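Subject: A structure for you to look at

Hi,

Here's the structure I promised to pass on. Have a look around it first, then read my notes below.

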Amino acid sequence: MTNTSVAARVPVLAGPAGAPPAARSLADLVGNTPVLLIPDVCFGGADGFWAKLEGHNPGGIKDRPALHMVACARRRGELAPGRPIIESTSGTLGLGLALAGVAYGHPVTLVTDPGLEPILHRLLVAYGTKIDVVERPHPTGGWQQARRDRVQALLEEHSGAYCPDQYHNPDNVAAYERLALELIEQVGRVDVLVCSVGTGGHSAGVSRVLRDSFPDLRLVGVDTIASTIFGQPAGRRLMRGLGSSIYPRNVAYDAFSEVHWVAPGEAVWACRRLAAARFATGGWSVGAVALVASWLSRHTTSDTRIVAIFPDGPQRYWNSIYDNDYCAEHQLLDVVPACNPDALDHPTDRVVRRWTRCAQVVDPLSHPKLVGCRTAQR
């Protein structure tokens, strides 16, 4: 398959004309990210999908909600001028909040865990943030809950401090309206939207706006194995940026048509295939989303327009996804995904270990079967 053959089947779509205007503020640098046609680099199908390259923002996709949540808090009087911002992060939101702190004049403290990449740690310090690292995971909520508990303790110590609470803050969802409008301008119709799911912000926010124009939109969620978001039991997760060991309220469960779980080795394989074939790649979320979007392109009609959100670029993953020694240590090399995912009728049928899909999407906090399962596991 050649890129020319893909382009012949998927029409080239015009985006906004002209260069972006000169930026007068940091906030002006966020948004208007490019869209790129990605052929089916995973399976060699005849079609492909469109990727929204959010890694072209200064820090990644979460620059959008970081700026929006801080601006809303300031407008409502929840964050007074000069008062500190304190939040939990596994990485990308930290970059966004560092940007927001500089843009709006707030000191930023980020609570993270030992899994934070060294390059990101050093960058965040260079950007003026204070890094607080928790030492051990919560016994049931893992590193995520341990970070949130530490944030609460710090909020009690610092009068007037503000926590954006990305997992439950509706401003996180609202921040993605502009991204959706950019997609409509860039690609026109969107039939299928493929999003990684962590806090649930961008999948909920983008799909909500797109459905106003495209009521039949299909939203496909991409999660990692060992994540609780869609009803699987929590476990040790190697992939950062997607998945959760808590239940974020920003996840719009009723908006999803199906969910896919992807294993770390499968995401690494997809990331490296993207890099070699298209020079557009990124981190764990990007690899997982690309794998699913490629598969969907083979199982939909040729006129179906699929858009996948790539949340970041590859730079911070130099010592994980793109490091052979790291991948060998974690048994991630030479993992080739199956041509098709396993299938579940219900998310509690069994614990998934490899790429798996389920067309029944339920909220774990409201579904009786899952509530009973969680109680039994305690």
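Strand β8 (residues 258–262) is largely enclosed by the rest of the structure, because five of its five residues are buried. Buried here means under 20% relative accessible area, exposed means over 50%, and partly exposed is in between, with a 1.4 Å probe and protein chains only. Strands are DSSP runs of E with at least two residues, helices are runs of H or I with at least four, and both are numbered from the N terminus. E258, H260 and V262 point one way from β8, while V259 and W261 point the other way, and all are buried.

Before you go on: this is a predicted model, where local features need pLDDT of at least 70 and side-chain atom pairs count only at pLDDT 80 or more, while totals for chains, interfaces and linings use all residues. Residues are numbered from 1 along each chain as its sequence is written, and side-chain values use heavy atoms, with hydrogens and water left out.

Now for the neighbours of β8. Strands of a sheet pair through backbone hydrogen bonds, either parallel or antiparallel. Two strands count as paired if DSSP finds at least two bridges between them. Strand β7 (residues 218–224) runs parallel to β8, and five bridges join them. Along that pairing, V220 has E258 as its bridge partner, and T224 has V262. Strand β11 (residues 356–358) runs antiparallel to β8, with three bridges. There, V259 stands opposite C358 and H260 stands opposite R357.

Step back and you'll see the whole sheet. It is open, with eight strands in the order β1-β2-β9-β6-β7-β8-β11-β10 and mixed pairing. β1 (35–39) and β10 (342–344) are at the edges with a single partner strand each, so one side of each has no neighbour in the sheet. Neighbouring strands are turned by 25° against each other on average, direction ignored. (Axes are lines fitted to C-alpha atoms, for helices over the stretch in contact, and angles run from 0 to 180 degrees between N-to-C directions.)

β7 is worth a look too: six of its seven residues are buried, so β7 is largely enclosed by the rest of the structure. β7 pairs with β6 in the parallel sense over five bridges, and L219 in β7 is the bridge partner of L193. Together, β6, helix α8 (residues 201–213) and β7 make a right-handed β-α-β unit. Right-handed means that, with the strands pointing away from you, the path from the first strand over the helix to the second runs clockwise.

Which helix lies across β1, β2, β6, β7, β8, β9 and β11? That's α10 (residues 284–298), running at about 170° to β9.

On to the inside. A nonpolar core is a set of buried Ala, Val, Leu, Ile, Met, Phe, Trp, Tyr and Cys residues joined through side-chain atoms within 4.5 Å. The largest one has 41 residues, and F49, V194, W284 and F310 touch the most other members. Its largest share, 10 residues, comes from α10. A second, separate core of 34 residues includes V206, L217, I225 and V352.

There's another open sheet as well, with three strands in the order β3-β4-β5 and parallel pairing. β3 and β5 are its edge strands, each with a single partner, so one side of each is left without a neighbour in the sheet. The twist averages 20° from one strand to the next. Four bridges join β4 to β5, and T109 stands opposite K130 in β5. Helix α5 packs on this sheet, touching β3, β4 and β5 (contact means heavy atoms within 4.5 Å), and its direction makes about 165° with that of β3.

In α5 (residues 142–157), the buried residues are G142, Q144, A146, R147, V151 and L154. What covers them includes β3 (85–88), β4 (108–112) and β5 (130–133).

Most residues other than glycine have a negative phi. N32, not a glycine, has a positive phi of about 55°; N32 is in the loop between α1 (3–9) and β1, and counts as exposed because its relative accessibility is 52%. D165 also has a positive phi, near 50°, and its place is in the loop between α5 and α6 (170–174).

Enjoy exploring!
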